Amino acid sequence: MNKHYIPRFGDELYNALVQRETIEPLTNREPDLTMEDAYHIQQRVISRRLDAGERVVGKKIGVTSKVVQNGLNVHQPDFGYLLSGMLYDDGEAIAMDTLIQPKAEGEIAFLLKRDLMGPGITNAAVLAATEGVMACFEIVDSRIRDWKIRIQDTVADNASCGVFVLGDCLIDPRHADLDLCGMVLEKNGDIVGTGAGAAALGSPVNAVAWLANTLGRLGIALKAGEVILSGSLAALIPVQAGDSLRVAIGGIGGCSVRFH
């Protein structure tokens, strides 16, 4: 890839985010776009958002469950950054005109009390560094037209992150079965998705360890105080104005969000 495309594509994605519009897939225009290039484009997008006044509050793992991988035809995990402008509280309403083509995911979020710096991070190290876990929604959104993405497109687009909603109950991870806990996702009172913790790379703890080790090889740490989203436990749920969603995860708690 001609490296001058990196800032150009990054600026295109940032402008699409700000203007709430979509762009053609990057991989259609540059078929040789590599994963390394895609993460450089992602960094350009994040730097533009930081320059605009946001701050990093966490990180996310994407495309961890088979049902999401199959739905997007993307067959490996990726990661992105959580920024202060993305965060909503439990029960809060989200305006649809702040999003483009959103879909909701029920997940388990980890709040860290100490840094995790890979490589060599084990599941035990993840649990020791975790202040608590909570139910959450990630509202994924794509600046790529019609979600026609390859892995490089979603990586460049900050792992298709839109916003996220944290539940109001923080649970000691030693008091919950993170692998076998069941999730039920309701939309307007109807059950539209079910799953379990093991849907995220066999365990949400596996997912966080994967992220710590993957980022560690790039010289990036998961930091104390950050929120880590560990990946969807069921299929993506499209949302529109008027929808109300609730997720309940056994032994962990619930989270709800409304769209208007």
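User: Is glutamine 152 buried or exposed in this model?
Analyst: Quick note first: this is a predicted model, where local features need pLDDT of at least 70 and side-chain atom pairs count only at pLDDT 80 or more, while totals for chains, interfaces and linings use all residues. Residues are numbered from 1 along each chain as its sequence is written, and side-chain values use heavy atoms, with hydrogens and water left out. Buried means under 20% relative accessible area, exposed over 50%, and partly exposed in between (1.4 Å probe, protein chains only). Glutamine 152 has a relative accessible area of 10%, so the call is buried.

User: Which residues does glutamine 152 touch, not counting residues up to four places away in sequence?
Analyst: Glutamine 152 sits in helix 6, residues 151–156; helices here are DSSP runs (H or I, at least four residues) and strands are too (E, at least two), numbered from the N terminus. Contact means heavy atoms within 4.5 Å. With residues up to four places away in sequence set aside, glutamine 152 touches Thr27, Leu33, Thr34, Met35 and Ala38.

User: Why do helix 1 and helix 3 count as oblique to each other?
Analyst: Axes are lines fitted to C-alpha atoms, for helices over the stretch in contact, with angles from 0 to 180 degrees between N-to-C directions. Angles under 35 degrees count as roughly parallel, over 145 as roughly antiparallel, 65 to 115 as roughly perpendicular, and the rest as oblique. Helix 1 (residues 5–19) and helix 3 (residues 35–51) have axes 8 Å apart and pack at about 50°. That pair is therefore oblique.

User: How is aspartate 146 classed, buried or exposed?
Analyst: Aspartate 146 lies in the loop between strand 6 (130–140) and helix 6. Its phi is near 60°, a positive value in a residue other than glycine. Relative accessibility is 52%, so aspartate 146 counts as exposed.

User: And what about serine 160, buried or exposed?
Analyst: Serine 160 is in the loop between helix 6 and strand 7 (161–166). Phi of serine 160 is near 55°, again positive in a residue other than glycine. The relative accessible area of serine 160 is 3%, so the class is buried.

User: Which peptide bond is cis?
Analyst: Look at the loop between strand 5 (103–112) and helix 5 (123–128), where proline 119 lies. Omega is about 0° for the cis bond, which joins glycine 118 and proline 119.
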